[in-house]
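I set down each look-up in turn, with the cut-offs beside the terms.

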Amino acid sequence: MHRPAVTLDRGSPVPLYFQVAQQLEAAIRSGELPPGARLENELELAARCKLSRPTVRQAIQHLVDQGLLVRKRGVGTQVVQPQVKRPIELSSLYDDLASTAQSPATRVLEFTHVPAPDDVAKELGLAPGTEVLYLRRLRLTGGEPLALMTNHLPSGLIDVTPAHLQEHGLYETLRDLGIDLRIAHQTIGARGATAAEARLLDERRGTPLLTMTRTAYDDKGRAVEYGSHVYRAGRYSFSHTLVSR
């Protein structure tokens with residue numbers, strides 16, 4: 001439990017709730033309150049600062065609205081993990097997290113061979129019903145779920161185990177096997193979380209999620225991967241530089 005120092009100027013025209021919020025925000029941005037840190041509860045903070053509970057609640061809500069704190073049932077109020085900003089380029093989420101030292105972790109939820117659904121077969125240039133490798137993984141950073149990733153690959157393209165994908169990214173694995181990824185078609189959107197997605201991503205059902213579908217091709221023009229991913233919108237964003245023609 002973290003209890004950062006809070007000093008109030010009761011003669012100041014600045015509202016007391018805002019003074020509390022400013023000092024908690026400074027503690028978060030300085031690292032005194034690191035991501036995942038739990039704050040004392042409202043009653044304790046109110047007693048320590050000699051403030052009313054509604055004043056403290058307003059200060060906490062101000063920081064929740066800014067995306068710096070989150071309230072979790074059964075846990076309390078925690079400092080939010082920093083948002084992941086991902087450039088729109090032909091890289092994997094694992095690559096991007098690893099390159100910024102954000103400690104990616106993976107849980108392999110499904111690893112099996114299935115007949116390709118019609119839409120997947122079309123994306124991979126296969127006949128409907130052709131057997132493909134089906135992967136479903138949960139990607140975490142800082143111990144918090146970030147993305148739920150579903151991938152289909154042509155059978156026989158890679159020979160790996162679920163244990164390998166627990167420790168390595170998919171694109172890293174493809175590169176290590178000599179597959180040269182060159183181009184991809186990608187679509188970004190948004191929709192509400194299903195009940196199953198919400199449970200895995202620690203969100204509420206219907207919470208907006210970012211979506212991304214991508215078909216990646218190698219240097220021979222062969223479709224090697226079709227991915228359909230969902231991301232926690234509060235923890236993740238895409239960034240892109242636009243250039244005029």
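In which sense do strand β8 and strand β9 pair, and over how many bridges? I find that β8 (residues 208-218) and β9 (residues 223-232) pair in the antiparallel sense, over nine bridges. Within this pair, I noted that Thr211 stands opposite Val230 in β9.

Before going on, I record that this is a predicted model, in which local features need pLDDT of at least 70 and side-chain atom pairs count only at pLDDT 80 or more, while totals for chains, interfaces and linings use all residues. Residues are numbered from 1 along each chain as its sequence is written, and side-chain values use heavy atoms, with hydrogens and water left out.

Terms for the elements: helices (H or I, at least four residues) and strands (E, at least two) are DSSP runs, numbered from the N terminus, and two strands pair if DSSP finds at least two bridges between them.

**Hairpin.** I looked next at β1 and β2, which pair in the antiparallel sense over four bridges, with Lys72 opposite Gly76 in β2. The two strands form a hairpin with three residues between them, and Gly74 in the turn has a positive phi of about 85°.

**Helices.** For the angles I used axes that are lines fitted to C-alpha atoms, for helices over the stretch in contact, with angles running from 0 to 180 degrees between N-to-C directions. The axes of α1 and α3 come within 8 Å and cross at roughly 45°, which makes α1 oblique to α3 (under 35 degrees counts as roughly parallel, over 145 as roughly antiparallel, 65 to 115 as roughly perpendicular and the rest as oblique). The axes of α2 and α3 come within 9 Å and cross at roughly 115°, and so α2 is roughly perpendicular to α3.

**Largest pocket.** A pocket here is an open set of points on a 1 Å grid over the protein atoms alone, where a 1.4 Å probe fits, with protein on both sides within 12 Å along at least five of seven lines, and lining residues have an atom within 4 Å of a point. The largest pocket has a volume of about 920 Å³, and I list 32 lining residues, of which Val70, Arg71, Lys72, Val80 and Arg232 lie nearest its centre. The elements giving two or more residues to this lining are α1 (16-30), α3 (53-65), β1 (69-72) and β2 (76-79), and the largest share, four residues, comes from β1. By class the lining has 14 nonpolar, eight polar and ten charged residues.

**Second largest pocket.** About 250 Å³ of space lies in the second largest pocket, which is lined by 15 residues, with Glu40, Asn41, Glu42, Gly76 and Thr77 nearest its centre. At least two lining residues each come from α2 (42-49), α3 and β2, and α2 gives the most, with four residues.

Definitions and conventions: Grid points are joined across faces, edges and corners, and a volume is the space filled by probe spheres set on the points. Ala, Val, Leu, Ile, Met, Phe, Trp, Tyr, Cys and Pro count as nonpolar, Asp, Glu, Lys and Arg as charged, and the others, Gly among them, as polar.
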